[in-house]
Amino acid sequence: MPDILVFAEHRDGEVEEVSLELLSEARLINRSNNGNVMAVILGWGVSSMAAELTAHGANKVFAADDVQLEHYNTLIWLETVSGLCQRQTPDLVLLPATTTGEDLAARLAVRNDWPLYSRITKIKFQRNGIQVVR
């Protein structure tokens, strides 16, 4: 029963389409696994976007809404997302293949000693692990 955390990006007060696509993919992965799909969104004034993330498949939404998160700051965002991952212990973390997503993914992988699979097109949970296609 995998728990999946999706990192949601936004711009100009709107959730980015790529984030909604990741939520959809997470729901598909968990359709037969009965796991949770969680989303995290960081920024200033982002709490109002939580409902949209829920509407697109997130069982739980974590909104870190703080003026210090208004613009991407590698260290602050890394600490915030890494801390959430330590508390929620997801089995898989999905980030968009964007400049921010790829930067944060690499740093999360190093910080937490996780494997990193970039720009994948398919994910499948199996008994002995995760299969990815790139």
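Modeller: Let us begin with one residue, in a model that is predicted. Gly101 is found in helix α4.

Colleague: Is Gly101 buried or exposed?

Modeller: The general idea is a cut-off: a residue counts as buried under 20% relative accessible area. Gly101 has 0% relative accessibility, and therefore counts as buried.

Colleague: Which residues does Gly101 touch, not counting residues up to four places away in sequence?

Modeller: Gly101 touches Glu9, Leu95 and Pro96 on that count. Distance along the chain and distance in space are read separately: Gly101 and Glu14 are 87 residues apart in sequence, and their C-alpha atoms are 17 Å apart in space.

Colleague: Where is the place of Ser19, and is that residue buried or exposed?

Modeller: Ser19 belongs to helix α1, which covers residues 17-30. Its relative accessible area is 0%, so Ser19 is buried. Once neighbours within four places in sequence are left aside, Ser19 is in contact with Val6, Phe7, Ala8, Glu9 and Pro96. Glu9 and Pro96 are also among the residues that Gly101 touches.

Colleague: How should I read a residue that is neither buried nor exposed?

Modeller: Between under 20% for buried and over 50% for exposed, a residue is called partly exposed. Arg27, found in helix α1, has 29% relative accessibility and so counts as partly exposed.

Colleague: Which residues does Arg27 touch, if those up to four places away in sequence are not counted?

Modeller: Arg27 touches Val37, His56, Gly57 and Asn59. As for Ala58, Arg27 is 31 residues from it in sequence and 8.1 Å from it in space, C-alpha to C-alpha.

Colleague: What is the relative accessible area of Glu52?

Modeller: For Glu52 the value is 28%, so this residue is partly exposed. Its place is in helix α2, residues 50-55. With neighbours within four places in sequence left aside, Glu52 is in contact with Val15 and Leu20. Glu52 and Val15 are 37 residues apart along the chain, while their C-alpha atoms are separated by 7.8 Å.

Colleague: How many helices and strands does the protein have, and what pattern do they follow?

Modeller: There are four helices and eight strands. Read along the sequence, they follow the pattern β-β-β-α-β-α-β-α-β-α-β-β.

Colleague: What does the radius of gyration tell us about the protein?

Modeller: The general idea is to set the value beside the one for a compact globule. With 134 residues, such a globule would have a radius of gyration near 14 Å, and the protein has 14 Å, which agrees. Its C-alpha trace spans about 45 × 30 × 25 Å along the principal axes. Of the 134 residues, 40% are buried. Among contacts with a separation of 6 or more, 58% are accounted for by residues 24 or more positions apart.

Colleague: What can be said of the surface and the charges?

Modeller: The protein exposes about 7,800 Å², and carbon and sulfur atoms supply 46% of that area. There are 12 positive and 17 negative side chains, with the centres of the two sets 11 Å apart.

Definitions and conventions
Residues are numbered from 1 along each chain as its sequence is written. This is a predicted model: local features need pLDDT of at least 70, side-chain atom pairs count only at pLDDT 80 or more; totals for chains, interfaces and linings use all residues. Side-chain values use heavy atoms; hydrogens and water are left out. Helices (H or I, at least four residues) and strands (E, at least two) are DSSP runs, numbered from the N terminus. The radius of gyration is taken over C-alpha atoms; the globule rule is 2.2 Å times the number of residues to the power 0.38. Buried means under 20% relative accessible area, exposed over 50%, partly exposed in between (1.4 Å probe, protein chains only). Contact means heavy atoms within 4.5 Å. Accessible areas come from the Shrake-Rupley method with a 1.4 Å probe; for residues, only the protein chains shown count as cover. Lys and Arg count as positive and Asp and Glu as negative; His and the chain ends are not counted. The place of a charge is taken as NZ of Lys, CZ of Arg, CG of Asp or CD of Glu.
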